[in-house]
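Hi,

Here is the structure I promised to pass on.

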Amino acid sequence: MWIERKVLAQEIPAAAALDTRQLCEVLAALGFPVDGVAALEGTEALDVDITANRGDAMSHRGIARELAAKLQQPLAPIATGTVSEGAALVPVRLEAEACPIYATAVLALGEGITPEAVQSFLRALEASPKRLPAVDASNELLLRYGHPTHAFDADAIHGAVTVRWAKAAETLVTLDGVTRTLTERDLVIADEAGPIALAGVMGGDRTKVTEATRRVLLESAWFEPKVVRATARRHSLHTDASHRFGRGADPAMARVARDLLVARLQAWCQAKLIGAWTSGAVPAPAAPVNLDLTLLARVAGEAVPLEAAQEALARLGCTVTVAGDRLCVAPPTWRHDLAIAEDLAEEVLRLRGYEHIPSVLPPMEGPPEHLAPAYLLRQRVARRLAQLGFHQTVTYGFISPEADALFAPPDNPAAGRTLANPLGYEYSVLRASLLPSLKATAEQNLRQGSRQIKLFELAPTYRSTPAGPREQMALAAVWGGVLGGEDYLSPARAVLEADLAGLARDLDLPGLPTVHRLAEGLFGFEVELDALPRPQDRIIPVFRPFSRFPSVERDLSLLVDLGQSYADLHQAMAAALPAESLLELRCVDVFRHKSLPEGQQAWLLRMRFQAERTLVGDEVDGWVSAALAAAESLGAKLRA
Amino acid sequence: MDQLLPPEIVEAGQTFPAALAACGDLDALLRLKGAFVGREASHATRLMELLKTAPKEQKRELGAAINGLKQQWEEGLKVRQAELEAAKRKLGALAASWDPALPPPQPPRGALHPLNRLMDRLVDVFRPMGFHVEEGPEVETEAHNFDGLNIPEDHPAKASSDTFYLAAHPELLLRTHTSPVQVRTLLRVAPDLAARGGIRFLAPGRVYRKDEIDPTHSPMFHQVEGMLVGHGIGMQHLKGTLEYALRALFGPDTEIRLRPSYFPFVEPGCEVDVSCPLCGAKGCRVCKGSGWVEILGAGLIHPNVLTYAGIDPHEWSGWAFGMGVERMAMMLSQTPDLRLFFENDQRFLKAMGGLD
Ligand SMILES: [Zn+2]
């Protein structure tokens, strides 16, 4: 909220002596940081940030009260004229508990406009003056004292005024010209012809004050914050009045604000008071709150003398009585946020200044807990992938239905993962897979000229279940573009599916995940993180003896059909070899060339043997022959 | 003397030094060697035959001349061979030599995302004080996201204009902060809180709010929540912990400042400023000249939050804080646009991320 310095100084003269920086510091220390300062003609306005719990501070008077308490300086008295109340000119009936007090007055307006000083005050606060004294005075009062009031055209009101719940489907055209269809939970001011205002939110068009208005009926009431908040939200109608009533106005200000409004109209346009009266009464205050010194000392980090706490709370307007080692505190009528002892402790600390809070490390009361295995696993996998040259991405958890459909399995329908109120269609489904996002990110990078793209993401994916989307932490990696060719030793080649398979093996994935061809030369896979082996409990594995005899290596070059399954061949050959001596059997080269018989390729199979003795040539030759025979049984031939 | 020798040999002898010099490699030298001193059909063998048939009185003189010639040739060949061999060795050495200025093969280098890196660092900072990591789902219930945190039934954050809800499950939403992890964790540990000796943890994670995407807003972002519950915990413990952590993060000269503020789930509440780590609190663009930057919101856990979880607020108390990871990352890196963190341009990731 904008606070104009000259008007602030009218409420607390001591504030005039502070320079802007000092004032901002004091306000920040009180919990009201200043977001900006606007230089105006002959003055300044501060953009003060007021938290939602402090409706009482949303005015010059409110901020002045805070400063007065902190600086221990007096507030200027509120200059109310003397309005003597009489009999009600119009019956005012309060039919809902949500409006316990309704102060009003009827005045005949005379000649005159809003004084220039008030107009410029309103302009400084970005509230454009209407030049109608009744309207401008109400706005000025709100900004200055924080109490919303309203002026009706008294001659437009038919009969008695009632504060009541709206009837279902009743309508009201508000001041902004919008026709509002009301519900039974909207509190309205009504005359005998229907609603004339949404209580605490906005007046009605039918009874609004215009240039032609001769007599006004003033309203200065108090409305239940919850009711005002609900109505403002229901009608998306957030006004200066609804903000203040919604956060809790001061019921004791109802009569005072009415008097101030009357005095302004009398002064600005020679208005004549015809009558003033009040229906209802200021509601009974909430029960006092106890603050015991033990709690205060615990919160503050050190003992605070009873008198100091009592004095601080009294400065904030609380009525404080001492009962042993506790204070019994009745908050002032403008504070609705002091409900428990901790609230009061905060107030004592706030006035002392948070800078006085000591700094202490909390003692350990129990042993520290371990980091969860799932968390450690993610850390380990992320670091390994980064070491292997992959870049971790962070992409949105929601994607478009089309992108989602690319990799969502049929048993995971998008309907159970769709947002009711997405930012847009393209962000409407909680993704079943990370691959659509990684594919889009990789393609974008390749378009921008990346030679090689290596990305991974660790994030939850979602599965539709009757109970709602179930999250499963997933790992996805994509790899594409050109590998190598960027130095004099590494030849260039395209990234291939086999590279992803190698990556999967490096990560110790159990088995090979499906490697997707995401685009030309771009591949990826995705696994549930639970599929990855957990870090071993054992720091160092159990020792397993290994042979100190030399190993023997033999190669077999085989001609096989292009469609030959390597797994089958490997299995057949391995079965023919002595398991206890076979160290390794692997294909170390694949040769495909037009010089080979059509439809065939050459595989170079390497076997390594080792035993607890020196292997002799004949023995190994026999094994190799057996392996060859096994390969031949599958149609392979020894390559000449 | 020369008149004793055949003229073609005399001529060959005269061209020998030039021929020797013209030998560019060992093969050429070998051929020259064969022509002059080879065992068959060389100048040397022809001279030896000449010597055999020479008149007896000439033999002595001719012999001396032939020997002189042969010696001269052999000497020349030997020297040249040594030269050529040295040159070859030198080339060989050069061929095997390594120019360290040539760009070497680069081991691959990837990076953790800067936001993850920052969250990991925060965990590292709090770990020595006995904090572990708690996590919770991103799809949450209203109860965990709002009710358990003392957020009133009619709080504006609950509106569909602020919070994403699931179409098929109106009671489910995308968590708007990491605070529901507080609720889940407290509910879980409440039964044996005394045996544990309280609890202290961090909850890093992704959260969602219905904000349009622009340079300072994102519908998804990250928070790190911290919480500690123990006996007799007050604002001094919050201050002490944050002072330790923020000094570990930003350097030992870092100062912190608490200012009163309001969050429904804490009482008292505060904002925490840190002396500007970029200018050493002298005043710069990032701290808008003030020397302070706002870094997190915190406070003592509201008794209603403890009560909701089944923890007696008369016995236990604690503090909690919540920190915006993107905000801190942008402040530290002075990245001008929040969207860069979610675009995942490999150049940005390479420059901003790392492996630690
Ligand atoms: Zn700075």
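**What I found**

Before anything else: this is a predicted model.

Let's start with strand 5 of chain A. In strand 14 of chain A, Lys272(A) is the bridge partner of Ala108(A). Strand 14 covers residues 272–280, and its pairing with strand 5 is antiparallel, with eight bridges. Strand 5 also pairs with strand 13 (residues 215–222) of chain A, again antiparallel and over eight bridges. There, Ala105(A) sits opposite Leu218(A).

Next, have a look at an open sheet in chain A. Three strands make it up, in the order 1-3-2, and they pair in the antiparallel sense. Strand 1 (2–4) and strand 2 (34–40) are the edges, each pairing on one side only. From one strand to the next, the twist averages 25°. Strand 1 is joined to strand 3 (residues 43–48) by three bridges, and one pair to look for is Trp2(A) with its bridge partner Asp47(A) in strand 3.

Now the cysteines. How many disulfides are there over all chains? The search of the whole structure found zero. Take Cys24(A): the nearest cysteine sulfur belongs to Cys287(B) and is 15 Å away. Cys24(A) counts as buried because its relative accessibility is 18%, and the cut-off for buried is under 20%. Cys279(B), at a relative accessible area of 14%, is buried too.

Methods
Residues numbered from 1 in each chain as written. Chains lettered and ligands numbered in written order. Predicted model: local features only at pLDDT ≥ 70, side-chain atom pairs only at ≥ 80, totals over all residues. Heavy atoms only, no water. Pairing = 2+ DSSP bridges. Helix = DSSP H or I, 4+ residues; strand = E, 2+ residues; numbered from the N terminus. Disulfide = S-S within 2.5 Å. Buried < 20%, exposed > 50% of the residue type's maximum accessible area, 1.4 Å probe, protein only. Axes fitted to C-alpha atoms, helices over the stretch in contact; angles between N-to-C directions.
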